[in-house]
Structures are given as C-alpha cells and as structure tokens.
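Reader: I would like to go through some labels and what backs them. Please show me the model.

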Amino acid sequence: MKIMFSAGEVSGDVHGASLAHEILKIYPETELIGFGGDLMASAGVKLFKNFKDYNVMGVWEVIKNLRRILKLLDDLTKYIVDEQPDLLVLIDYPDFNWRLAKRVKKFGVKVFSYIPPSAWAWRKGRAKECTKIADEFVAIFPFELAVYEKAGAKISFLGNPLVDTVKPSMSKVEAQKFFGINESDHVILLMPGSRRQEITLLLPIMLSAAQILANTRPTKFFLPVANGVEELVSKQISNAEIILVDSTRRYDLMSIADAAIATSGTVVLEAALLNLPCVVLYKMASFNYFIAKRFIDIDYFSLPNILANKKILPELLQDEVEPNRIVEEILKLYRGEKNREKVIAELKSACSKLGESGAASRVAQKILSAAST
C-alpha cells in the first residue's frame, strides 16, 4: 500500500509525523511518500519536497512567491500521477492542498482530508466544493462537522491529537530547576509563532510589552524559538533579560509559567491543555486584513474561545495589538490574581471537548481503511 501525505507548514508536519508513526505501527509494509517537513521525514515518510523553502502566508507574500508555488504545484502533480498512490492525504494547508487535490483527482487518485478547510468560519461554500473532491474527511474539532455534513461530506471527529502530544517532559520541580526558576518567580512566555511574517509583525510589540512589564513587576521572560527562525528572532532580541529556548522545551515552560503573550494559533490551544492562560494576538499586514475581514464571520479567533463559544482568553486584534493593551491584560493573569483561577477552570472545560486520547491511532486506521477500499 502506498500513501501520499501533503503538509505545507510546521503544524501539519507534526500531525503528519504522528500519523506516519501510527500507520507504520499498524501496517509496517505501508510505503509513505509526500510533501512535508523534517518530522515527517524522521517518522518514515520519503519526502519528494520539503516545505521549509516554500512556507509563506498572506495574500501579498503569496503573490510575490507565486512563480515558485506554481512550479511546486506542477512538480507535485506530476510526482503523484507518476507514483499513483492508493490515497492522497491532505493535512491542513488548504489554499495549496486543495488545488493539488483538484488536479490529481482527474487522474483517479483518491483524496482524504485531515483537518479540512475552516468552512465553519469563512467561505462556507468551500465545504460543498471540497466534498466534490475528497472521498472522506476527518476533523480535529467538533464544531467543524455541521457545515460539512450539510454539504453531504463523509466526515467524522475522532478526537484531537494534541490531547496526546501536549505533555511536559519534566515534573514542575525538575522544570523549575532546569530553567533556573524559583517557586516565587513570575514567568511570562513570549510566543510570536513560527512564521517569519508573524515574527516580524508581532515580536517587536511583544518585546515592548515585556519591557513595560519588567518595570512594573519582577518577571522572567522566556521565548521558545521555532526551528528555522532562530536568526530572525535573535536579531530582534537586544534585551538580555529575554531568555531564548528551543521550542521543543515549550511544554515544560508552559507547565510552570504564569501566563503567555501568544500569536493566535495552535500554540494557544497547547497552552490551554496545560492550563496556561494567554493574551492572544492576531495581526496581519493591512492589505491582507482589508481582504480577510470581508470574508471571515466568527465571534472569536482563538481556539479555546471558539471551543467554549465565549470569551475565556483576552483577544487583541490588529490595531488593538499594542504594548500597553497587552500589559493591561497580562497583569490580570499573573499567578495570585483572582481572575487567573477562573480562566484556568474555563480552559479545562473547553479542552474537555477535544475528545479522548488516541486520536492519531484512530485517524491512522481510517486512512488505512480508505486506502484499501
């Protein structure tokens, strides 16, 4: 059996690697090929292309890199047609992946969507378009099902894989010792994201907020740095009080920190699973925001708030993302603040909706079943 994965960014690489592990555990003879990252490669996926040279976000950035992206699309299409996998598994990355799927579907390739496009949030018509292309869907959030079921899709929710993977590697005492933190220390994490555009836009604002906080309340600041953006982050850090650590240590830091200032995304949900409150930021280039706000119809943009369908975490959007507003919100989340315990209790309730452990194994079985029929 031959299965092709297509994942175009860091979060997809994590999911793809987990699926690869589980598929090979269930059926070791499976040949896994694909477009992905280093984690997928180490998990047994033979990569045709690595996404790290193609990862861009935003309308203008895509336009600037359009020629390379179209060439990648052509190369992957030819590769899939030549290889004729039993199944193409799309892992998130919708704008690219669904163009790829539409092309190869014409050649009889079966398509499986894991983490389908967010039709529940914007462009609801995409659910119907995607249903014409993909044979089966698996969502990682329960609130995604309704719009796809209405479009006639074969879709299921089998739990969220983060329930299994978001675990600290050390006890609280071990982590405090490792990072040089005393029980009485206040710890704030800065989490600007893994994309270059996010870091460029948001990290300077986070650093300004950290400077104000440092003058307001004694605080230790840690910044987990994603692979591939170390130089970009280091160039912006002039304050020796900001401690840079490898992002693979972020769960250990999350387990002992007071709170975090974070770019909206999966990392905010990871923090929620570890009972870490965040001030959530979302900011994009003005041109991109001008376009996006005309299509997106949601009340909240951070995943814990969407799961709860109410405002648990403070969210700052676009022009609201400025140092003094961040400081105002993060001070309410320091250890010892009355509001913090209420936020943590509500985060636990929201995360309970993510399902039981073992999601990756259940999805792997779905994929193998779809590939063999």
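Author: This is a predicted model. Start with E328, which forms a salt bridge with R325.

Reader: What makes E328 and R325 a salt bridge?

Author: The closest N and O atoms are 3.8 Å apart. The cut-off is within 4 Å, so the pair counts. E328 and R325 both lie in helix α16 (residues 323-330), 3 residues apart, about one turn of the helix. R325 and E328 also belong to a salt-bridge network with E329 and K332.

Reader: Why is E328 called partly exposed?

Author: Its relative accessibility is 42%. Buried means under 20% and exposed over 50%, so E328 falls in between. R325, at 27%, is therefore partly exposed too.

Reader: Which label does R340 get, buried or exposed?

Author: R340 is buried, because its relative accessible area is 8% and the limit is under 20%. R340 meets E341 in a salt bridge, 3.8 Å from N to O. E341 has 49% relative accessibility, so it counts as partly exposed.

Reader: What about R249 and D252?

Author: They form a salt bridge, with the closest N and O atoms 4.0 Å apart. D252 is at 2%, so it counts as buried. R249 is at 30%, so it counts as partly exposed. The structure holds 23 salt bridges.

Reader: Why is α1 called roughly perpendicular to α18?

Author: The axes of α1 and helix α18 (residues 359-372) cross at roughly 65 degrees and come within 8 Å. Angles of 65 to 115 degrees count as roughly perpendicular, so α1 gets that label against α18. The crossing is right-handed.

Key: Residues are numbered from 1 along each chain as its sequence is written. This is a predicted model: local features need pLDDT of at least 70, side-chain atom pairs count only at pLDDT 80 or more; totals for chains, interfaces and linings use all residues. Side-chain values use heavy atoms; hydrogens and water are left out. Axes are lines fitted to C-alpha atoms, for helices over the stretch in contact, and angles run from 0 to 180 degrees between N-to-C directions. Helices (H or I, at least four residues) and strands (E, at least two) are DSSP runs, numbered from the N terminus. Angles under 35 degrees count as roughly parallel, over 145 as roughly antiparallel, 65 to 115 as roughly perpendicular and the rest as oblique. A crossing is left-handed if the near helix is turned anticlockwise from the far one by less than a right angle, and right-handed if clockwise. A salt bridge is a side-chain nitrogen of Lys or Arg within 4 Å of a carboxyl oxygen of Asp or Glu. Buried means under 20% relative accessible area, exposed over 50%, partly exposed in between (1.4 Å probe, protein chains only).
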